[in-house]
Amino acid sequence: MAEGDFTLEVGFEAEHFANAVDDCLGGPGSNQQKQERVLELVQRFYNHASERLDQLRHRGSGNLTDNEMDVDDAEDETDPAATISQIRKWESELQTWDLLQRLVTLRYPQTKSAAVTGGLDAEIHSRKDDLWGSFVAQTDRTAERKTVLEWLQHTATTGPAIDELIRDLQQNAERGQIIAHGCIHSRTALKLHKDLLGASRPLDPLAANVAQSLMTSDKAPLVSQLDPDAVTRQSRKLEPQDEFFERAIWVGCYQLLRRGCTLAKIQEWCAERTETWRAVSLSALPSAGIGDAVIHKEDAHSIALWRRMCFASARHAGTDEIESAVYGVLAGDIQSVEKVCKSWDDFMFMHYNALLRSQFDSYVLEQCQPEMSANIDQQFAVFDAVQYHGEESTTEKRLIKSLKVHKLTRDEALMPLKVLQAALITKETSQHFLQQGVVLARERGEVDTEPTNTEADTHGFVNGRDYDTLRVAVHVLIVLSTLDDLDVSTSLSPTLEREPQARAIQETVISSYVTLLRLAQYEELIPLYCSKLSMPRAFEVLSINLRHLTDRDTRLNQLELIQKSGLDVLRFVKMQPRLILSQLGNVEQEAGSRTEPFQIIEAGPGSLKYGRLIKIDFFGEDPDAISEEEELLIRSLEWLLLVDEAWPDVFFVGVKVYKYFLGTMRLNAARQLANRVTMSQVLQQRISLGGQEEADIAHVPEIDDAFWADQLEAIGDRQTSSRLLATQARIFRDLECLVKALDTMETIASLTELSREDPSAKRDFWNQVGNEVKNAKEYVEPMFKGWLLVDEDDAQCLQALRDTYLPETILAYISTLHFAGTCVSRDNLLECMDLAAVMAQKDSDITACFVKGNRMKELVEAFAACSKALAIVSGEKKAAASSSKKMREMGWSRDLWSDPPPPVPPPKPGSHDPSRLNTPVTPLSPSTTPSLGAISVEGHDSSGWQPATRHDSMRTTSSTIDPGDQWLPGILQDKSKQELAEILASPKLLEALTHSVDTVQPSLAESHQALHAMLGENLQLAAQLADLEARLTHQRSTTQAQLLSTHALERQWRQKQTDMDHALSPFAPAALYQRLGQGVHEQATVCHAMEESFLEGQADGAFASEREALDWVRRYREAKALYYLRQERKNRWDEGRVGGWR
């Protein structure tokens, strides 16, 4: 069903019914009390429908008074009058609630209302010889048919009044306002004829002078007597006007029987028309309703005979079809009554009346003597409706099916509420709601959930656009299913199936109604109806119909309503992302199957000033262009943030969503997620960071830290592993940093393009560039070491993301530093050089991604371009002599890139000067000078290490005398030239002789010793640095945890302080002063009122007595004294004479 294809009109009934359901079905209590509240709920539905129907009828007739107007009926104010269709709709709804109320009272007899009704019946039929009472109590089927017949009789009372039905007949009778005195036109004609004949006795119709002359006004034979059976006995007619009057009387009698009126009302109606004999003829057999006279067992044979006489009159003696129908109702006949039936209700009344009277006749004959019963059956014919309908157990079902094909009732029988009423009567509510669910499921496109055992015919069921009918069906389903759950002893089959698939289809009725409530913007009612669904269907429907909400306060209000409805808010917020991800399929497989490369760097060589340019708008031209499922995934994470216990799932679900977005190159969606659900939000709102404005996105407590375990314990989560949570948090942080880094680089790319177009940019522009570069550094920092390198089951997906995004992001970051270094500050180029050193370390994991992607050449070229830019910029713009604090901390120096002094010229070859034959002292290279200088300036650390020792040892001159260039090892001095030539030809032998302990040159041996000493010193220093690093890391984690705890205590203190201020606010000076001022004003008013009342005196003008005057003076003095006391206190306060505050 397309949501925008129709305009939904929902009246205030939606809220009214929801409030009724919430009031009656909510709250504790025993099953007995809950059952009573369910029946009270049905009664409230019935009363509401009755009130609405009365309003529509009054509005249609123009008789609606101001007191009958309802302020909630705003939707009807524009209608000039109530339409016939609205009246019929509410009539059908009223009938449905009436039927439901009667049947649940009967089928669930444990309720208090059922006991009351049963007690009333028992009181009326308490006598053991009451035939009708004992017959009704004989079987449940009999009692239920009696209840249905009563309902059918009651529904007829909602139709037009009897006087309105017979108005046309009365007018044709030409009697004016006279409704009594029988056939006055025929009586007048008989008198005139008797006067003409001079007869004083009743006329004989067989006499020749009478037979030829006694005619009606239309020349038909006129009866000679006016007794009730004269027409049938003489085969003559009444005057036409009297025939209309006679038909009007029979129509009234039929309607009295059709509406189940009591004997007293029938007698009253007939007595008004002086037709008491008709009331006598209608009262021998009881109607379905209570209140008739008791039928004694000794009258059983008379009752049986009377029914057969009525049957004979219905089939053979009636002069009119309506008269035959009256006797047919009394006899339980079908053939004679069927002629006057027009509606589905009429036919149902005809059949149920026939069934009940046939059953009662059989019961009556059982009470008679066998001989008498046999004699009655043999001599007098009667219609047996039980035998006519066949099998007793399926009578109702076959009757309902026959009405669906009958030409007069097939259209009405397929109306949705009539189909529902039929299902209630035949106890097929389970199958009805199953077929109703199939219709709605097909309409919603849920064809896969259609069960295989449903019938193909689904005509006569409500569609998803008919709100009012669907509302009735939903609340009938809620009432029946609630009673089924409360009354486990009932023999009825449950309305909601136990089989999951069939139950899911039945619950589609409720879920469709929930959808209509959402379309009508009644979201606050949705949790109530979702609570009536099974789990987890309730959370699925709830998630689908609330995920469109975006306002935070509205969401929090919905969470309160969900909790009030008895649903778990934690399961609800967890269900949303799970439901959306399941609809998307295997998102991780889809993310891993994408082969398109990620490329944001422009192809080709870069320029000296800008390096390789980053593509503009590589996220997309429209930053808000995301699909519906992407938006829903982000909203589901926002819902998770609103529940205190759900913050760990933000990491677990967020990682899945990030994998899906980044794996499928949905960069806009990833950016929206990174901006709307951030690591900082989770840390601030859910992990007690207090008033800290922004959490450090680069810091996530280590996996082995107890931080996460403490946070899980705070929310009572003992199932989630703290190690796993820390891993997911780090992955979430890493992916968020990637997205924000890319977003920042896209901004920098746009700024680069603007600077190229307008080189004369102002200072504000470059400040913006500097801020963006600073943000980029912050977001890229976590990517330099261990980015997405965690122990996880799905490490392959994370590795794919590393291979896809890490090389391109690092290259874009180098281009960013290149641009910032040439246009903002050369310090950015120095940072780029430091980045090269970091990536060149042995434990760096970044270079592996470049090698794997065959992009190492691009990385080297990028660093080379930055080095060249740094050298050129340094030559053009001399750096200041002093370095910044950061440069000192990092060991940077711009002088490094200045023109170095010329090197010391090498010694001349072949020189034999002993001073030049020593081991040469090589000057320190420019690349090592800054770091060593920095070390020497920093001094020694806590371990007592002196870096200057190493520096001085490198400059120490060898104390060994150089033997000269003629020196040979002793082992070679006795060798021949040929042997020496062979040794010179073998590099391995030369190397062995050079480094052997026995043959090494003394100066070389001393150099080796010095080198070994320095290597050992380096190892010692490395061990000390590693120990310091571990200690620093531990101290940092401990400090961070203590900082978090401190912020949490600060926030708790501020909350306690706020609560204290709020509690003491009534006793604050301002509040006390305000109360004192109000007291003064009120007391002055009291005194003035007493003065006015004294001056006005009594109403009758009498003087007050002395006692009354004294009493008034006393009371006035007391009031005035209190006023002056308060006034004085206020004056003292105003003057500052109140101690303690001033």
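Author: Let's start in the loop between helix H39 (763-780) and helix H40 (795-823), where you'll find Leu788. Keep in mind that this is a predicted model.

Reader: Okay. Why is Leu788 called buried?
Author: Its relative accessible area is 3%, and buried means under 20%, so Leu788 gets that label. Its backbone is worth a look too: phi is positive, about 60 degrees, although Leu788 is not a glycine.

Reader: And what makes Asn854 exposed?
Author: The cut-off for exposed is over 50%. Asn854 has a relative accessible area of 69%, so it counts as exposed. Asn854 sits in the loop between H42 and helix H43 (856-876), and its phi is positive as well, near 55 degrees, in a residue other than glycine.

Reader: What about Thr426, why is that one called buried?
Author: Thr426 is at 9% relative accessibility, and the limit is under 20%, so buried it is. Thr426 belongs to helix H23 (residues 416-426). Leaving aside neighbours within four places in sequence, Thr426 is in contact with Glu396, Lys397 and Ile400.

Reader: How do you know that the side chain of Thr426 has a polar contact with Ala422?
Author: A polar atom of the Thr426 side chain lies 2.8 Å from the backbone oxygen of Ala422.

Reader: Now charges. What makes Asp23 and Arg44 a salt bridge?
Author: Their side chains meet at 3.7 Å, N to O. The nitrogen has to be within 4 Å of the carboxyl oxygen, so this pair qualifies. The bridge links distant parts of the chain: Asp23 is in helix H1 (residues 13-25) and Arg44 in helix H2 (residues 31-61), 21 residues apart.

Reader: Why are Asp23 and Arg44 called partly exposed?
Author: That label covers values between 20% and 50%. Asp23 is at 48% relative accessibility, so it falls in that range. Arg44, at 28%, does too.

Reader: How do you know that Glu144 and Arg107 form a salt bridge?
Author: Here the N to O distance is 2.7 Å, and with a limit of within 4 Å the pair counts, so we call it a salt bridge. Glu144 is in helix H6 (residues 140-156) and Arg107 in helix H3 (residues 84-107), 37 residues apart. Glu144 is at 12% relative accessibility and counts as buried; Arg107, at 15%, is buried as well.

Reader: How many salt bridges are there in the whole structure?
Author: A search finds 48. Another one of them joins Arg247 and Asp320, at 2.5 Å, N to O.

Reader: What makes the length of helix H41 agree with what it should be?
Author: Helix H41 (residues 827-840) has 14 residues, and at 1.5 Å a residue they should span 20 Å. The end C-alpha atoms are 20 Å apart, so the two agree. Among the buried residues of H41 are Leu829, Leu830, Met833 and Met839.

How values were computed. Residues numbered from 1 in each chain as written. Predicted model: local features only at pLDDT ≥ 70, side-chain atom pairs only at ≥ 80, totals over all residues. Heavy atoms only, no water. Helix = DSSP H or I, 4+ residues; strand = E, 2+ residues; numbered from the N terminus. Expected span 1.5 Å × (residues − 1). Buried < 20%, exposed > 50% of the residue type's maximum accessible area, 1.4 Å probe, protein only. Polar contact = N/O pair within 3.5 Å; in protein donor to acceptor, adjacent residues only side chain to side chain. Contact = heavy atoms within 4.5 Å.
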